[in-house]
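Good morning, and thank you for joining this group meeting. I would ask you to look first at the sequence and the structure, which I will then go through step by step.

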Amino acid sequence: MAEATHEAFDPLATGSRRRQIRAKATVYGLLLFFALLYLSPLFIIVMNTFRPLEEIVREGFISVPGLLSSQYWLEAWSGFCLGGTCEGVSPYFTNTLLMTVPATILSTAFGVVNGYALSKWRFKYDTWVFGLITLGVFLPAQMTLLPWAFVLGKLGLANTIGGLVLVHTVQGVSFTTLFCRNYFVAVPDDLIKAARIDGAGFWRIFRRIILPLSPPILIVCVIWQFTGIWNEFLYGTVLTSGTNQPITSAIVAFSGSGTGQRHYNVEAAAVIFAALPPLFIYLIGGKYFVRGLTSGAVK
Amino acid sequence: MSSLQIKNLRKSYGSVEVLKDINLEAESGEFVALVGPSGCGKSTLLSIIAGLESVTSGEVLIEDVVVNDAAPKDRDIAMVFQSYALYPTMTVRQNMTFGMECRNIDKATQNETIKRVADLLQIEPLLNRKPGQLSGGQRQRVAMGRALVRDPKLFLFDEPLSNLDAKLRVEMRSEIKKLHQNVGRTTVYVTHDQIEAMTLATRIAVMYQGVLQQYDTPKAIYETPANVFVAGFMGSPNMNFFDAKIVAQSDQLGVVIDGGDGAVLPLPSDRHSTLADGQSVTFGVRPEHFSPAHDRRAERKGGVSVVVPVHVDMDEPTGAETILMVQIAGQDATIVCEPDGAPNPGQDMDFEIDMQKISLFDPESGVRL
Ligand SMILES: Nc1ncnc2c1ncn2[C@@H]1O[C@H](COP(=O)(O)OP(=O)(O)O)[C@@H](O)[C@H]1O
Ligand SMILES: [Mg+2]
């Protein structure tokens, strides 16, 4: 629908021939300029992953590479010394994966059920419950750091990936509940009433009617949670240390390890490893993300 | 046996009372129409019968069992919604089997039932489509089919035809009537359309502002409306209401329309009991109970009529009949007459009123006299 209306009216294709050309040139010129501007860091970093260190030192960070080598990628992945071990970023990459995947699945699952219950099974003070859950959306992470450190300590989850999974699941439920509840509000209540008369209960209605309507919002939740948790840095840095850290916290070591010599090329490759999964998710899922946020549940 | 009883039912949302002391009962096999203007509480009442809403006070009985606290699935009812409420991700077949699946009915019986209902409603070719691929009329049929796969104690309909275009609505109306005659189940049918209520129901419950105004057969509701609201709501075009007075002439009572030439319209003698000389009344005459004076229609049927002079302001020919906007004794009125004898706008003409069919109401309370 939305796409059709965009096509139906093209303001750049109105007016005289000269106006059309001028308008198009301006618009596309500006778009190209900003696209290059935003892409330049990525481009420079990728270039540096292939350059020998002495060339970077000699010619500076921004320069056309002379000699290309892929050994720095390998070094960054499995050889580079970081946080006391010399196995590259791969252990930390695994840590992040072990944290992000369960936390994404759990927070999305809880959010869908919460959203369904809060939008379709009204109970006393349900708006209060909803308000309290979504308060988490506006609560700065810094404020929850000490309480979390305390809770994880009590649970015996201090400095563990499991602890981070718990933190991210609980923090994420605020967002996923908000997304799902607002999505399900658009599902007609009559569907639920009809199903209740048909004899279906809470979970059967969820499985047979709500879930089949949910893929767009599930995709939104998964993308949001996956990228958010993958890129998260504060909890990982404060609540874990050493070899238990997620990759975002581990590569902080680049900033001031004090060994004197900076390995720009290896560091650049490591940074790209850290950024690759969210980038990948955006590339394949970005379209569905926008679609899920703007589409209604029932056409 | 009465299959549905509603006793002293009240329903409030917060401080707003939307149903006020409703009493209603339906015999087995009856077709009850709940009719009234939008917002009068019809859907709320139906939801309470279905168990989708709780009662504030009072009782709902289905087949003589109080079901106030029974869940919808335990009430043995089937319901058709105004929005149809078809499950959008399921095919038509799945929409219809979902309820049977919930009640653990075996596959063979399910298939048999689907076949029977699909034949009955002629939706066989639609069974594998999704609701999004159906037209409005087809969706309506499927919604009916979903209700008909059961053999419930009660069928509940909430304005099932109001989303269809006029022609389809009339077709489906007679189909629903036929279905009810075949299936013979007690049905409660909500509508704001008084013609639907008149044509379908064995009894009509007229509601207004949460109060049950009258509960009776269509004929009784039409001929002896309990108050001005019912009289005005049922029937199209609306009943005419004139401000009038009762006068006594010898031993005969009559009605004099205010603002006219003082002509006395004598009342049939069986209408005298509660009336007194000089009493103000609201004098109600349905548009079709006027007829051109020269036809002498009422007399030919053995009735009593009186002649009134009428000034025609405007006419609306519908083809089958002509609706006249007229002045009688300076008060606005509507008359329905045959197109052939119809006067033209601006013309004066004598019409007679069939006095057997008139209604009198108390001008203050609106109650029938
Ligand atoms: N959940 C609710 N909360 C508050 N008021 C409601 C609710 N549902 C219905 N009402 C009110 O009750 C009245 C009757 O509604 P309804 O039964 O839907 O009317 P109808 O079906 O006759 O058009 C309306 O005034 C409506 O605003
Ligand atoms: Mg309604």
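I shall describe chain B as a whole, then its ligand, its sheets and one of its helices, and then turn to chain A.

Please keep in mind throughout that this is a predicted model.

Let me begin with the overall form of chain B. Its C-alpha atoms fill a box of roughly 75 × 45 × 35 Å along the principal axes. The chain contains nine helices and 20 strands. It has 369 residues, of which 40% count as buried. If we take the contacts in chain B between residues at least 6 apart in sequence, 65% of them join residues at least 24 apart.

The domain assignment divides chain B into domain 1, residues 2-233, and domain 2, residues 240-361. Over C-alpha atoms, the centres of these two domains of chain B are separated by 39 Å. Four residues from domain 1 of chain B and five residues from domain 2 of chain B take part in the contact between them. On the side of domain 1 of chain B that touches domain 2, three residues are nonpolar, one is polar and none is charged.

I turn now to the ligand. Which residues are around ligand 1? They are Y13(B), V18(B), G36(B), S38(B), G39(B), C40(B), G41(B), K42(B), S43(B) and T44(B). Helix 1 of chain B, residues 42-50, gives the largest share of this shell, with three residues. Sorted by class, the shell around ligand 1 consists of three nonpolar, six polar and one charged residues.

Strands of a sheet pair through backbone hydrogen bonds, in either a parallel or an antiparallel manner.

One open sheet in chain B has five strands in the order 15-19-16-17-18, and its pairing is antiparallel. At its edges are strand 15 (290-292) and strand 18 (331-337) of chain B, each of which pairs on one side only. From one strand to the next, the twist averages 50 degrees. Within this part of chain B, strand 16, residues 305-317, and strand 17, residues 322-328, pair in the antiparallel sense over six bridges. As an example, M314(B) has M325(B), in strand 17 of chain B, as its bridge partner.

A second pair to consider is strand 9 (residues 203-208) and strand 10 (residues 211-216) of chain B, which run antiparallel and are joined by five bridges. Here V206(B) stands opposite Q214(B), which belongs to strand 10 of chain B. The hairpin of strands 9 and 10 of chain B has two residues between the strands, and in it Q209(B) takes a positive phi near 50 degrees.

G137(B) is placed in helix 4 of chain B, residues 136-148. Beyond the neighbours within four places in sequence, G137(B) is in contact with L164(B) and L168(B). From G137(B) to L164(B) there are 27 residues in sequence, yet their C-alpha atoms are 6.6 Å apart in space.

We come to the two chains together. Where they meet, 18 residues of chain B are in contact with 17 residues of chain A. On the chain B side, the elements that give two or more residues are strand 6 (77-80) and helix 2 (92-102). By class, that side of chain B has twelve nonpolar, four polar and two charged residues.

Chain A is assigned domain 1, residues 1-41, and domain 2, residues 90-294. The centres of these domains of chain A, over C-alpha atoms, are 36 Å apart.

Finally, I draw your attention to helix 9 of chain A, residues 189-198. Why is this helix described as largely enclosed by the rest of the structure? The reason is that eight of the ten residues of helix 9 of chain A are buried. Among these buried residues are L191(A), I192(A), R196(A) and D198(A). Their cover comes from both chains: it includes helix 5 (90-120) and helix 10 (202-213) of chain A, together with helix 1, strand 6 and helix 2 of chain B. Just after helix 9 of chain A, G199(A) takes a positive phi of about 105 degrees.

Thank you for your attention.

Note on methods
Residues numbered from 1 in each chain as written. Chains lettered and ligands numbered in written order. Predicted model: local features only at pLDDT ≥ 70, side-chain atom pairs only at ≥ 80, totals over all residues. Pairing = 2+ DSSP bridges. Helix = DSSP H or I, 4+ residues; strand = E, 2+ residues; numbered from the N terminus. Axes fitted to C-alpha atoms, helices over the stretch in contact; angles between N-to-C directions. Near = placed C-beta within 6 Å. Nonpolar A, V, L, I, M, F, W, Y, C, P; charged D, E, K, R; others polar. Contact = placed C-beta atoms within 7 Å. Domains from an automatic or database assignment. Buried ≥ 20, exposed ≤ 12 C-beta atoms within 10 Å, placed from the backbone.
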